[in-house]
Amino acid sequence: MVERIAKDQVHHERTKHIDVRYHFLRDEKRIEVKKVGTADNPADMFTKLLLTPLPKPIFNVYDRVWDSYFRNEWTQISTTLQVNNSNNYSPPKAALTTAATSTNAYAPLTIKWNSSNVFSQYYLYTHFAEIQELQTNDTREFNLNWNGNHYYDLLVPPKFKVFTVFSESGGSCKGGECSFQLTRTNRSTLPPLVNALEVFTVIHFPQPETNETDVFAVQNIKTTYGISRISWQGDPCVPQQFIWDGLSCSNTDMATPPRITHL
């Protein structure tokens, strides 16, 4: 998606929130944009991972793009039955009809990635659904570990219905090495299973956004008078080199939200 946006000038429905000022890569043509495959970049914060191979990415609500990720030590399972995806996170049904398990039934299922910033805080959203018809004596139960620490215990995926485990606070990766592990319990007869995984990190802006009251006021002016200047998109005062044409802003310090002082 990013590669296509960088190379053509067609307006895309999913790029309406991208300010035109950020298309300079396409216009200047001094930098070539190339795709990095998901298998080589499993920590891409804007791509959700399906733990099975897929012929093409999946698009769904919240403008999320789901792509496949699979390792040789895993086994893929799937179902042709419907899986209920109703919860607050709405993972796509296509993502939930497939899953990955450990090929070695007694080995943990591990997902690893490297972080270029050791101070980054990661938030995990992991989606589970049992998509196999289990035998009477079969049990699938496992624990979740995040960077060696207990994350969630005694998880039993519900049958053909999504269950999402999420982190309420961010977690960092020691030395930049991140590890998420599913470990079978002693009473489980089946290996752990996971259908899809989302990993997010918070991006801290170096300067606060423009004062909210000022933004509301200038947006009303823009709407009322039908102003269609190209620069009147995004934040009115931030970053300073892209202040809206015709505005003056006060930037007292990096900790204080800028104010619109003149129009």
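Student: To which residue does a disulfide join C237?

Tutor: Before the answer, a word on the basis: this is a predicted model, in which local features need pLDDT of at least 70 and side-chain atom pairs count only at pLDDT 80 or more, while totals for chains, interfaces and linings use all residues. Residues are numbered from 1 along each chain as its sequence is written, and side-chain values use heavy atoms, with hydrogens and water left out.

A disulfide (a pair of cysteine sulfur atoms within 2.5 Å) joins C237 to C249, with 2.0 Å from S to S. The two ends belong to distant parts of the chain, twelve residues apart, since C237 is in the loop between α4 and β14 (248–250) and C249 is in strand β14 itself; here helices (H or I, at least four residues) and strands (E, at least two) are DSSP runs, numbered from the N terminus. The angle about the S-S bond is -70°, and the link of C237 and C249 is left-handed. C237 counts as buried because its relative accessibility is 0%, where buried means under 20% relative accessible area, exposed over 50% and partly exposed in between, with a 1.4 Å probe and protein chains only. C249 is buried as well, with a relative accessible area of 17%.

A search of the whole structure finds two disulfides, and the other is formed by C173 and C178, whose sulfur atoms are 2.0 Å apart. The link of C173 and C178 is right-handed, with 105° about the S-S bond. C173 is buried at a relative accessible area of 4%, and C178 counts as buried at 2%. When bonded cysteines are counted along the chain, the disulfides follow the pattern 1-2, 3-4.

The side chains of D214 and R259 meet in a salt bridge at 2.7 Å, N to O, a salt bridge being a side-chain nitrogen of Lys or Arg within 4 Å of a carboxyl oxygen of Asp or Glu. D214 lies in helix α4 (residues 212–224) and R259 in strand β15 (residues 259–262), so the pair ties together parts that are 45 residues apart in sequence. D214 is buried, with a relative accessible area of 11%, whereas R259 is partly exposed at 40%. By the same rule the count comes to four salt bridges, among them the one between R140 and E130, at 2.6 Å, N to O. Both R140 and E130 lie in the loop between β7 and β8, so that pair ties together parts that are ten residues apart in sequence. R140 is buried, and E130 is buried too.

β7 runs antiparallel to β13, and six bridges join the two; strands pair if DSSP finds at least two bridges between them. Along this pairing Y125 stands opposite E198 in β13. β7 also pairs in the antiparallel sense with strand β10 (residues 163–166), over four bridges, and there T126 has V165 of β10 as its bridge partner.

Finally, the largest nonpolar core has 22 residues, of which I111, W113, F128, L144, W146, F180 and L182 touch the most other members. Strands that each supply at least two residues of this core include β7 (122–128) and β13 (196–201). A nonpolar core is a set of buried Ala, Val, Leu, Ile, Met, Phe, Trp, Tyr and Cys residues joined through side-chain atoms within 4.5 Å. Leaving aside neighbours within four places in sequence, L182 is in contact (heavy atoms within 4.5 Å) with residues including F128, F142 and L144. A second, separate core of nine residues includes I77, L96, I131 and V162.
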